[in-house]
Amino acid sequence: MNNLADVWSKRFEHYLTEIQKYMRFVFTGHLAIVLVFAIGALGYQYSEWLQVVSPEFPAEWLVAGVIGIVVAFSRPVTLLREPDQVYLLPLEKEMHLYFRKALNWTFWSQVFLPVICYIVSIPLLNAVTDLPAWRTWLGLLFIIVLKFVNVQSEFHYRFANRGNHVVFDRIARMAVSILAIQAILSVSFWWALIYLLLLVVYNFSLAKRAKVQPIPYEHLVKLEENRMMAFYRFANYFTDVPHIRGAVKRRAWLDAIYKFVPYKKENTQSYLVFRTFVRTNDHFYLWVRLTLISAIIALMIDIPVVLWIVAGALSFATVIQLKYALLSSTDFRMDMLYPVKDNQRKQAVQKLLRLFMVIQAIIVMLCAIGQPLFFIPAIIVIGMNELTFRLSKDPAVHV
């Protein structure tokens, strides 16, 4: 405990081990195939669009808006834990060593996203503006500095205000960051420096206030718990994460779905499976997320073969994950006390997946209208659902 920098280093090693343990389940073969084809197709579409983009296209404002929003979201990664509110309290005067390490990692872990967004936007800027090369790369350096200032500012704001009304802080920094990036990409070089100076002064004022405030352990610990829980929930879509239980929420607007389950004794499992899927956030939002990705790709990519491969891969990912999630539940259910056939729950899950994969197929087909053979992705989604469900290995079924 004497060297808080060492405390951070040990926690950071454990944090990386934890992330790597679950990420190997996330980036599996089918997801890698989807990413390769999607990125390649989007790159091709982007290059084709650049050939016909209008010279009047507001590229500076678009780039500034996207990157300004990304830069403003700079949530600190502190790796603090609940016991730290007690055990690190005597070392409060030395915690600046710990937070210095934390903010360095926060910056380096978050700076890549705005940098990548800016590098991707350089061909667009070259196509519609007369920016010289030196100003283009100066803009990249400016964005890196802007991100550093935003990371420091958000941490000091949370420190000084105990995390209250952080949304207003973000909106203000977002607006100034957008104006600063737009200025550096236009002829207003000095305006960009003025906006940057405003953020620097703002950060210094917050840092000065933070020095006289006690460390907001409760807020920072809660922030860290929420950040890690978000990662665990994401990883839980791909593999089992211990101690993660999906939140339950009634969705009254989906009550009509239950009409597909007639009121009969034989449909007990179907009713339970439909209820479980609709009301469990992890299951329902998994389907929504993958369906939305398929729809966006269908809208943006007009290369039929690529769309077919991506639609099939995402259909496979949806079915295999939902099948495993709905069949492998170890929670106690009242239906376990009653004599029901062993295969009823599997049949109920198959019925549910058929219905929602047909809905996914219709959404993808509607988004692909205007392309040649626009109905093929829908057929692939439905066919992949049947093949995946029938050919994949069943988890342990509890009835």
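Predicted model: local features only at pLDDT ≥ 70, side-chain atom pairs only at ≥ 80, totals over all residues.
**Note on helix packing and nonpolar cores**

1. Helix α13 (residues 304-327) packs against helix α14 (residues 344-367) at an angle of about 150°. Their axes lie 10 Å apart. Angles over 145 degrees count as roughly antiparallel, so α13 is roughly antiparallel to α14. The crossing of the two, α13 and α14, is right-handed.

2. Which residues meet in this pair, α13 and α14? From α13 come S315, T318, V319, L322, K323, L326 and L327. From α14 come R345, K346, V349, L352, L353, M357 and Q360. The residues of this contact divide into 8 nonpolar, 3 polar and 3 charged.

3. Now the largest nonpolar core, with 64 residues. L80, M95, Y98, F99, Y118 and L185 touch the most other members. Elements that give two or more residues to this core include α1 (4-26), α3 (59-72), α5 (95-110) and α10 (217-236). Helix α7 gives the most, with 9 residues.

4. Leaving aside neighbours within four places in sequence, F99 is in contact with T78, L80, F155, F159, I215 and L220. Another core lies apart from the one described above. That other core has 42 residues, among them Y258, F277, A295 and A317.

5. W49 is found in helix α2 (residues 29-52). Beyond its neighbours within four places in sequence, W49 is in contact with F57 and L124. W49 and L124 are 75 residues apart along the chain, and their C-alpha atoms are separated by 9.4 Å.

Definitions and conventions. Residues numbered from 1 in each chain as written. Heavy atoms only, no water. Axes fitted to C-alpha atoms, helices over the stretch in contact; angles between N-to-C directions. Helix = DSSP H or I, 4+ residues; strand = E, 2+ residues; numbered from the N terminus. Parallel < 35°, antiparallel > 145°, perpendicular 65-115°, else oblique. Left-handed = near helix turned anticlockwise from the far one by under 90°. Contact = heavy atoms within 4.5 Å. Nonpolar A, V, L, I, M, F, W, Y, C, P; charged D, E, K, R; others polar. Core = buried A, V, L, I, M, F, W, Y, C linked by side-chain atoms within 4.5 Å. Buried < 20%, exposed > 50% of the residue type's maximum accessible area, 1.4 Å probe, protein only.
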